[in-house]
Amino acid sequence: MPPGGGGCRHGSTAQDHPPATVLRDEGDPLLVLARLASQEKKQKQHEYEYEQEQEQPAVSIPEGPLAEILARVPYRSLCRFKCVSKPWLALCSSRDICKRSPQTLSGFFYYDSDALLSFCNLNGRGPPLVDPSLPFLRERYKLIFVKGFCAGLLLCTCWESCSMGGESHYVVCNPATKEWTVLPPIVIPAEEVSHRLHPIPYLGFDATIPTCFAVFAPLRKGQSDSGIVAIYSSQTGQWTYVQSKWSARTHIDHVRKRHVLLDGTMHLTTRQKSIVTVDMEGKVWREIKMPDRLPSNVDIVSIGKSQGRLYAWQIDNRHDRQLYIWVLDDYGTGKWILKHTVNVLELFRRPGSISVFSVYPDCNVGVLNDREKIGKPCRNGYDTYDMFAVHPDCNVIFLTDKKKMTISYNLDNHKVEIICTESIHGLPYIPCFAELPVNWSLRVGAASSTQNGTPPL
């Protein structure tokens with residue numbers, strides 16, 4: 001029979017067993033002990049050599065040039081390099097290197113089905129790059145609710161007790177550096193105390209100018225805006241209260257809270273299919289109309305920022321599930337250009353046809369070219385889809401079927417990547433390692449002050 005003949009299943013083969021090797025000295029205990037001692041010595045030598053190799057992160061590259069190289073590596077790669085050895089862990093954790101490394105979209109914060117804050121990496125695999133439980137805040141606060149996110153910072157409402165009935169504070173924190181600051185309370189102007197105004201805060205932060213941030217808080221009166229906007233500046237450490245210059249008939253969409261900070265100006269969507277803007281000092285006010293001839297008068301219009309430009313998009317969930325993406329071509333005139341149209345039904349498939357996706361074994365990410373007509377799109381009349389983000393640096397968008405799948409879609413090469421097999425409506429997270437300004441040192445002690453004898457919010 002030739003070699004390999006008489007094969008068994010699962011790749012095993014039936015072969016004759018060779019005779020057992022007989023040790024001539026196995027009866028001499030001294031020789032056995034000597035052999036064991038020799039093997040132990042060799043094992044220790046191998047372990048010592050391995051440890052020596054681990055302690056040398058790069059033999060041919062001095063630490064100075066190596067640090068310069070690592071400072072140009074994205075944060076996700078730095079996290080992987082930390083696993084090389086202890087010296088690499090220390091080097092890749094250096095605040096100076098992290099602060100200088102280029103940062104881009106790394107994942108999404110979102111609330112899961114149990115209403116717990118979670119984090120999903122952009123590639124959909126591995127442990128979260130940041131701890132979504134925010135343990136550095138848990139040392140002081142028992143209850144934390146994330147109100148918003150902007151370019152690496154989180155805006156939270158925090159309670160020192162486990163009940164929302166107690167006093168709460170607005171806290172701005174940086175998950176990457178674990179630094180945080182407490183904002184002073186919003187104080188209702190004396191003449192408005194009886195109107196029961198309620199602030200709706202929006203965080204504004206530009207990572208390219210990390211020395212300051214702002215919080216915009218329109219004060220609501222019932223179901224409409226009061227016309228008063230409180231603006232907090234980290235440069236002054238105080239709130240200022242200004243009268244809105246927007247039309248009295250314009251009402252911000254506080255339910256969906258779509259907002260973008262672009263070139264130092266906050267952009268907020270309204271219920272009237274427009275975008276209102278205000279600069280960080282509350283001096284320049286404007287209203288931009290949404291694109292003309294929207295496909296649907298019912299479905300929402302969302303906004304985002306990518307490659308330094310303002311984007312708007314809408315999915316016609318009432319008819320053909322077509323996605324329309326516009327870019328604001330001329331900021332001065334408010335001229336929009338329809339940039340992309342995408343058939344969302346071609347991106348999502350029935351669960352039974354998910355096996356047609358090409359799955360890369362090394363990264364556990366499925367990829368499908370949407371030009372390939374594989375399987376049948378789901379056309380249930382009750383299915384709705386949502387595009388919840390656009391990549392800040394490239395033509396990639398993120399969508400969910402609101403049931404069991406979240407994907408990314410590259411508008412250039414027409415590829416779909418499965419991020420996770422659950423529906424998330426995430427807040428895009430871009431790590432920021434810039435040092436906090438000095439006047440971010442406000443703490444709870446400063447948050448108990450009042451003004452004009454009126455209660456703080």
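Ring pairs join Phe109, Phe119, Phe149 and Tyr429 into a cluster. The structure is a predicted model, and a search of the whole of it finds 15 aromatic pairs. The protein contains 6 helices and 26 strands. Of its 457 residues, 47% are buried.

**Overall features**

- The protein exposes about 25,100 Å², and carbon and sulfur atoms supply 52% of that area.
- Among contacts between residues at least 6 apart in sequence, 49% join residues at least 24 apart.

**Aromatic pairs and a charge over a ring**

- The search of the whole structure gives 15 aromatic pairs. One of them brings together phenylalanine 108 and phenylalanine 388, whose ring centres are 5.3 Å apart and whose planes stand at 75 degrees, so the pair is edge-to-face.
- This pair links distant parts of the chain, with phenylalanine 108 in strand E1 (residues 107-111) and phenylalanine 388 in strand E22 (residues 386-390), 280 residues apart.
- Phenylalanine 108 has a relative accessible area of 0% and is buried. Phenylalanine 388 is also buried, with a relative accessible area of 6%.
- Tryptophan 246 and tryptophan 285 form an edge-to-face aromatic pair, with 4.9 Å from centre to centre and 75 degrees between the planes.
- Tryptophan 246 belongs to the loop between strand E11 (238-243) and strand E12 (259-262), whereas tryptophan 285 lies in strand E15 (residues 285-289), so their pair ties together parts that are 39 residues apart in sequence.
- Tryptophan 246 is buried, because its relative accessible area of 14% falls under the 20% cut-off. Tryptophan 285 counts as buried at 14% relative accessibility.
- Lysine 257 places its charged end over the ring of tyrosine 202, at 4.9 Å from the ring centre.

**The sheet E3-E4-E5-E6**

- Four strands make up an open sheet in the order E3-E4-E5-E6, with antiparallel pairing.
- Strand E3 (143-150) and strand E6 (179-182) stand at the edges with a single partner strand each, so one side of each has no neighbour in the sheet.
- On average, neighbouring strands of this sheet are turned by 25 degrees against each other, direction ignored.
- Strand E4 (residues 153-159) pairs with strand E5 (residues 168-174) in the antiparallel sense over 6 bridges. Cysteine 156 stands opposite valine 171 in E5.
- E5 and E6 run antiparallel and are joined by 4 bridges. Here valine 171 stands opposite valine 182 in E6.
- E5 and E6 form a hairpin with 4 residues between them, and lysine 178 in the turn has a positive phi of about 65 degrees.
- In a regular strand, side chains alternate between the two faces of the sheet.

**The sheet E2-E1-E26**

- Another open sheet has 3 strands in the order E2-E1-E26, and its pairing is antiparallel.
- Its edges are strand E2 (117-121) and strand E26 (427-429); each has a single partner strand, so one side of each is left without a neighbour in the sheet.
- From one strand to the next, the twist averages 30 degrees.
- The antiparallel pairing of E1 and E2 extends over 5 bridges. Tyrosine 111 stands opposite leucine 117 in E2.

**Surroundings of threonine 269**

- Threonine 269 is located in strand E13 (residues 265-269). At 1% relative accessibility, threonine 269 counts as buried.
- Leaving aside residues up to four places away in sequence, threonine 269 touches Ile252, Asp253, Arg258, Ser274, Met290, Val301 and Ile303.

**Surroundings of tryptophan 336**

- Tryptophan 336 is part of strand E19 (residues 335-343). With 12% relative accessibility, tryptophan 336 counts as buried.
- Not counting residues up to four places away in sequence, tryptophan 336 touches a set of residues including Ile275, Ile288, Lys289, Met290, Pro291, Leu310, Tyr311 and Trp326.
- Alanine 312 is also among the residues that tryptophan 336 touches. The two are 24 residues apart in sequence and 8.9 Å apart in space, C-alpha to C-alpha.
- Met290 is touched by threonine 269 and by tryptophan 336.

Technical notes:
Residues numbered from 1 in each chain as written. Predicted model: local features only at pLDDT ≥ 70, side-chain atom pairs only at ≥ 80, totals over all residues. Heavy atoms only, no water. Helix = DSSP H or I, 4+ residues; strand = E, 2+ residues; numbered from the N terminus. Buried < 20%, exposed > 50% of the residue type's maximum accessible area, 1.4 Å probe, protein only. Contact = heavy atoms within 4.5 Å. Areas by Shrake-Rupley, 256 points an atom, 1.4 Å probe, with all protein chains shown as cover. Phe/Tyr/Trp six-rings, centres within 6.5 Å; stacked < 30°, edge-to-face > 60°. Lys NZ or Arg CZ within 6 Å of the ring centre and 35° of its normal. Pairing = 2+ DSSP bridges. Axes fitted to C-alpha atoms, helices over the stretch in contact; angles between N-to-C directions.
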